[in-house]
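Colleague: I would like to go through this model with you before I set anything up. Could you take my questions one topic at a time?

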Amino acid sequence: MEQKTRVLVWNEFRHERENEEVRRIYPDGLHKAIGASFDERFEVSYATLDEPEHGLTEERLAQTDVLIWWGHCAHDDVDDRIVLRVRDRVWQGMGLIVLHSGHFSKVFKLLMGTSCDLKWREAGEKERVWVISPGHPIAEGIGEYFEIPHEEMYGEHFDIPEPDQLVFASWFEGGELFRSGCCFNRGQGKIFYFRPGHETFPTYYQDEVRRIIANAALWAAPTKREKPAYGNAKPLETIRSTVQGGV
Ligand code: ZN
């Protein structure tokens, strides 16, 4: 039997406990709604901010193929040691899917190296998500575009490095535009940033959104290969033109 993709859904899990409106939409937490995106091809587990080491121990991360990140109001509460641990795992090949307000997480900012700032507005307007790369595996099963009836607006300029592939771009009813599905390669790891998912809207119950998150996890899963060799290297061929130092 083919091995399942091991997905760990991480959620800061604060809004749901502190805000009635969010709890009504996501009674079991955003992480459980996000986790419902995955079928039997995946093995899904969960971690939240207030667990010891934020639920992201060395052992846990070592057994994770793809980490999904949802955070918003408590980015600063994430321990810098854990941030470096996640970064190192991405460099080693673990996939990372950063959702919505995770654009401002320490992990994403560190891996991007930019401010990751953007424009925003909470008007509950319509978002139309356009497929920019129809041949990309993350867009599989998605039509020319799909619509989310009510969402928070994120607008350009989004201060990220040029994505390696742009899979989706969003138009908002108020007129703004946003690069809402961006792929990046860092070390051996693959990163996908996906914009939708404000906590006061039922976005993570929408079929297209769930399909994209599952597609992205398959895409971001590590490929099985040896770690590249770095550092001082013995020549493969005999080097005849060598000159002893000091010429
Ligand atoms: Zn939001």
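Colleague: Is E58 buried, partly exposed or exposed?

Modeller: E58 counts as partly exposed, because its relative accessibility is 49%. Please keep in mind that this is a predicted model.

Colleague: Which residue does E58 form a salt bridge with?

Modeller: The partner of E58 is R85, and the closest N and O atoms of the two are 3.6 Å apart. E58 belongs to helix 4 (residues 58-62) and R85 to helix 5 (residues 80-92), so this pair ties together parts that are 27 residues apart in sequence.

Colleague: And R85, buried or exposed?

Modeller: R85 is buried; its relative accessible area is 13%.

Colleague: How many salt bridges are there in the whole structure?

Modeller: A search of the whole structure finds 19. Among them is the one between R121 and E125, where the closest N and O atoms are 2.9 Å apart. R121 counts as partly exposed at 28% relative accessibility, and E125 is buried with a relative accessible area of 7%.

Colleague: Which residues are linked in a network of salt bridges?

Modeller: R14, R17, D50 and D77 are linked in such a network.

Colleague: What about E151, and where does its partner lie?

Modeller: E151 forms a salt bridge with R195, with 3.3 Å between the closest N and O atoms. E151 sits in strand 6 and R195 in the loop between strand 9 and helix 7, so the pair ties together parts that are 44 residues apart in sequence. Both residues, E151 and R195, are buried.

Colleague: Let us turn to the metal. Which residues coordinate the zinc ion?

Modeller: The zinc ion is coordinated by H100 through NE2, E152 through OE and H198 through ND1, at 2.0 to 2.1 Å. Along the chain, the donors follow the spacing H-x51-E-x45-H. Within that set, E152 lies in strand 6 (residues 145-155), while H198 lies in the loop between strand 9 (189-194) and helix 7 (207-220), so the pair ties together parts that are 46 residues apart in sequence.

Colleague: Are E152 and H198 buried or exposed?

Modeller: E152 is buried, and H198 is buried as well.

Colleague: Next, cysteines. How many disulfides does the structure hold?

Modeller: The structure holds zero disulfides.

Colleague: Now the backbone. Which peptide bond is cis?

Modeller: The bond from E156 to H157 is cis, with omega near 15°. H157 is placed in the loop between strand 6 and strand 7 (165-172). For context, most peptide bonds are trans, and most residues other than glycine have a negative phi.

Colleague: Where do H54 and C116 lie?

Modeller: H54 is in the loop between strand 2 (42-48) and helix 4, and it is buried, with a relative accessible area of 10%. C116 is in the loop between helix 6 (106-112) and strand 5; C116 is buried, with a relative accessible area of 0%.

Colleague: Moving to the surface, which residues form a nonpolar patch?

Modeller: W130, I132 and Y145 form a nonpolar patch, and together they have about 270 Å² of accessible area. W130 is in strand 5 (residues 119-131) and is partly exposed, with a relative accessible area of 32%.

Colleague: Last topic, confidence. What is the mean pLDDT, and where is confidence lowest and highest?

Modeller: The mean pLDDT of the protein is 96, and 98% of its residues reach 70 or more. Confidence is lowest in helix 1 (residues 15-18), at a mean of 96, and highest in strand 4 (residues 95-99), at 99.

Conventions: Residues are numbered from 1 along each chain as its sequence is written. This is a predicted model: local features need pLDDT of at least 70, side-chain atom pairs count only at pLDDT 80 or more; totals for chains, interfaces and linings use all residues. Side-chain values use heavy atoms; hydrogens and water are left out. Patches are made of residues with over 30% relative accessible area and no salt bridge: like charges are joined within 9 Å, nonpolar side chains (Val, Leu, Ile, Met, Phe, Trp, Tyr) within 5 Å. Accessible areas come from the Shrake-Rupley method with a 1.4 Å probe; for residues, only the protein chains shown count as cover. A salt bridge is a side-chain nitrogen of Lys or Arg within 4 Å of a carboxyl oxygen of Asp or Glu. Helices (H or I, at least four residues) and strands (E, at least two) are DSSP runs, numbered from the N terminus. Buried means under 20% relative accessible area, exposed over 50%, partly exposed in between (1.4 Å probe, protein chains only). Donors are N, O and S atoms within 2.8 Å of the metal (3.2 Å for Na, K and Ca); water is not among the atoms, so sites may look incomplete. A disulfide is a pair of cysteine sulfur atoms within 2.5 Å. pLDDT is the predictor's confidence in each residue, from 0 to 100.
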